[in-house]
Amino acid sequence: MPAYLLKRLISLIFTIAGIAVVTFFISLVVPLDPLAAIAGPQAPQETVERLRVLYGFDQPLYVQFGHYVSRLSEGNLGMSFQTGRPVLDDIIQFFPATLELATIALIISIVSGITLGVFSAVYRNSWIDHFARVFSLIGVSMPVFWLGLVLMLIFYFKLDWLPEPGRLDIMLIEPERVTGFLLMDSLIAQDWEVFYDALMHLILPGSVLGLFGLAGIARIVRSSMLDVLSQEYVKTARIKGLAEHLVIVRHALRNALVPTVTVIGLTYGGLLEGSVLTETIFSWPGLGRYLTTAFLTLDLNAIVGGTMLVAMSYSLVNLVVDLLYAYLNPKISLDGEGSLS
Amino acid sequence: MTETVPSLIPKSEPIDYSSTNNESQPLLTIRDLRVHFYTLRGTVYALEGVNLDVQKEETMGIVGETGCGKSITARAVLRLIDPPGKIVSGTVEFDGQELLNLHPKEMRRIRGKRISMIMQEPRMSLNPVIRVGNQVAETLLIHESDLSPSAARKKAEEMLQSVGIPDAGKMSKRYPHELSGGMAQRVMIAMMLVTRPKLLIADEPTSALDVTIQAQIIDLMNDLVHELQSSVMMISHDLGVVAETCDRVAVMYAGSVVEQGRVEDVLHNPRHPYTKGLLRTLPDNASENEDLYSIKGNVPSLFMPQQQCRFAPRCEFSQERCFQEIPGSYQVGNNHSAACFLHENGI
């Protein structure tokens, strides 16, 4: 196991290096001049040229690439054109909000997806099954911006059950920043009012984002549960005299989770990127919104930094998925022959 | 016109299963058990009035070809018929207790504790993601609530040892895919006998195993069952296994028991035409130059409810009556009965 982990982490470094190279060259072929975007539409040509020298875009390509690589190897992602701060600082500021939202959304989609999937498999072709199918169809096919607005209209504007967009009530003071996750920071500061308020703020955007992942999870749980429930070992569990809910949870669901974990990993990656729209609608000060602005203003360093972060999260999530997969499925050994890598 | 000659032998009445005439109460009494499957293509009349007894401490064999209802009978005893199947009527009395109208919670206390079952494919019957020791311990934990998990695991290990698994402590931490078929079947036996059940149903326990291992598994099962003084319902299509291990045997055809009796009687002196045919199909009974015998015709469709003797269309001895009535079970010897009008006049 530790050997496997080391192997995977080393390969992760290569993956990231590869991504860095690819993003560098992609940023070169963008058919727009980022400097013109910084300087503004009315700027004279010499201002643009001065900026070009300032940012080193006048150098030959291999020199630019050399600078880029040496900069990255020091962990320097460069300056953001839009905020005028190092990109890394921006990421550290904005990423936790996104991560918090995506995690809540993932929890919502896992819990509801597995529940729906299990119930629709156990009560196959009943009204529960049909309801789950329609519900997850709505989940995938409703545009996030529309659903977000409608839910906000109902639960915030009309019913006033849930708070306004944003992470926290403006009258509340954010607790001291330790992790950047409001829920955790407020727990550390033992500020229950902030914790409750932050949680309430998470419900709507978390559900809208979570609904996106729910459908895929519910579908794979349903189909693998149906497969597992007809297996002989499920009959064995009943013969042993086990109560039906335990047969389902202890014997069937554990087996059905093996294929589900893969889908959950993909969903989490999707949630991290897919938060862009949700964050925009719910005024969520996260990385999605930061990156949207970066794309719109051609803030190259921010785009490259954000891309690398998303790619890195994907790789890490994949690693976790593979570890979980091996944990759930004893037929897979990570160190021996026929391992996953 | 032929005059009806009054028979010298008094006509014997079909055995009236509703009266309790037996000297000792059997452990398991199945009466008129009917199981139907409500499929989209129509109703399958899978069991049409099965009558069967399993005495205390006896091994009862059930033989018959694929689809005759052997396994369904076994599953019906445990009330584990999967939908769209349903137990329509009948009684299953176990140790003086009627099982078919028992509360599901009470029924669960019987399963695994007093009636256990071993299945055909041992490696498919073990949960692939749970260590085998824990699977054995689980049976104990379900039925003995005052047992601690560690004590159950300890007992499970002892049980694994007594079914002949070497290095039981280490093996109990293995997963099913790491075991051979024979080992897995030993685990299965351990799992099902660890609670010392009174009745063990063995549904073709050796069919999926290597021939070399079959005998070992059969011997092991017999030894353990004798030790526990339990009864066995041995489902098999291997007449050799039945002849060797069973005290009595029931022959099933198309959803009902056609002949029932002591193994030596049924196998050496078969009385029902189907049993006779079945025994003739065995290769050992054919002389060298003779083609292998097969019963002519096909197994009848089970989509129709039984209204006649279901074997009649294939039977050499069938009379008009066989197509109009369902034959009752007639005594053809001591503790030996056959469901055929040929024996209406007794032995």
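# Chat about a predicted two-chain model

Biologist: Where in chain B is confidence lowest, and where is it highest?
Modeller: In chain B of this predicted model, E11(B) is lowest with a mean of 81, and E6(B) is highest at 92.

Biologist: What does chain B average?
Modeller: The average pLDDT of chain B is 84, and 91% of its residues score at least 70.

Biologist: What are the ipTM and pTM?
Modeller: The ipTM is 0.84 and the pTM is 0.79.

Biologist: Back to E6(B) and E11(B). Where do they sit in the sheet?
Modeller: Both are edge strands, E6(B) covering 115–118 and E11(B) covering 330–333, and each pairs on one side only. The sheet is open and has eight strands, in the order E6-E7-E8-E3-E9-E10-E12-E11 of chain B, with mixed pairing. From one strand to the next, the twist averages 25°.

Biologist: How many bridges join E6(B) to E7(B), and how do the two run, parallel or antiparallel?
Modeller: There are four bridges between E6(B) and E7(B), residues 199–203, and the two strands run parallel. As one example, B:Met117 has B:Ile201 in E7(B) as its bridge partner.

Biologist: Which helix lies across E6 and E7 of chain B?
Modeller: That is helix H7 of chain B, residues 181–193, and its direction is at about 170° to E6(B). Helix H11 of chain B, residues 273–280, also packs on the sheet, where it touches strand E9 (248–253) and strand E10 (256–262) of chain B. The angle between H11(B) and E9(B) is about 100°.

Biologist: What about the sheet with E1 and E2 of chain B?
Modeller: That one is an open sheet of four strands, ordered E2-E1-E4-E5 in chain B, and its pairing is antiparallel. E2(B), 42–54, and E5(B), 97–98, each have a single partner strand, so one side of each has no neighbour in the sheet.

Biologist: What joins E4(B) to E5(B)?
Modeller: Two bridges do, between E4(B), residues 85–94, and E5(B), with the strands antiparallel. B:Glu93 has B:Glu98 as its bridge partner there.

Biologist: Switching to helices. How do H4(B) and H5(B) pack?
Modeller: H4(B), residues 132–143, and H5(B), residues 149–162, meet at an angle of about 115°, and their axes are 8 Å apart. Their crossing is right-handed.

Biologist: Which residues make that contact?
Modeller: H4(B) brings B:Gly133, B:Val136, B:Ala137, B:Leu140 and B:Leu141, while the residues from H5(B) include B:Pro149, B:Ala152, B:Arg153 and B:Leu160. By class, the contact of H4(B) with H5(B) has nine nonpolar, one polar and three charged residues.

Biologist: And in chain A, how do H5(A) and H13(A) pack?
Modeller: H5(A), residues 87–122, and H13(A), residues 300–328, pack at about 50° with axes 10 Å apart. That angle makes H5(A) oblique to H13(A). Their crossing is right-handed.

Biologist: Which residues meet there?
Modeller: From H5(A) there are A:Val87, A:Asp90, A:Ile91 and A:Phe95, which meet A:Asn301, A:Ala302, A:Gly305 and A:Leu309 of H13(A). That contact divides into five nonpolar, two polar and one charged.

Biologist: Last topic, the two chains. How many residues does each put into the contact?
Modeller: Chain A puts in 18 residues and chain B puts in 23 residues.

Biologist: Which helix of chain A gives the most?
Modeller: H10(A) does, with six residues. H10(A), 232–239, and H11(A), 244–281, each supply at least two residues of that side. By class, the side of chain A that touches chain B has six nonpolar, six polar and six charged residues.

How values were computed
Residues numbered from 1 in each chain as written. Chains lettered and ligands numbered in written order. Predicted model: local features only at pLDDT ≥ 70, side-chain atom pairs only at ≥ 80, totals over all residues. Contact = placed C-beta atoms within 7 Å. Nonpolar A, V, L, I, M, F, W, Y, C, P; charged D, E, K, R; others polar. Pairing = 2+ DSSP bridges. Axes fitted to C-alpha atoms, helices over the stretch in contact; angles between N-to-C directions. Parallel < 35°, antiparallel > 145°, perpendicular 65-115°, else oblique. Left-handed = near helix turned anticlockwise from the far one by under 90°. pLDDT = per-residue confidence, 0-100.
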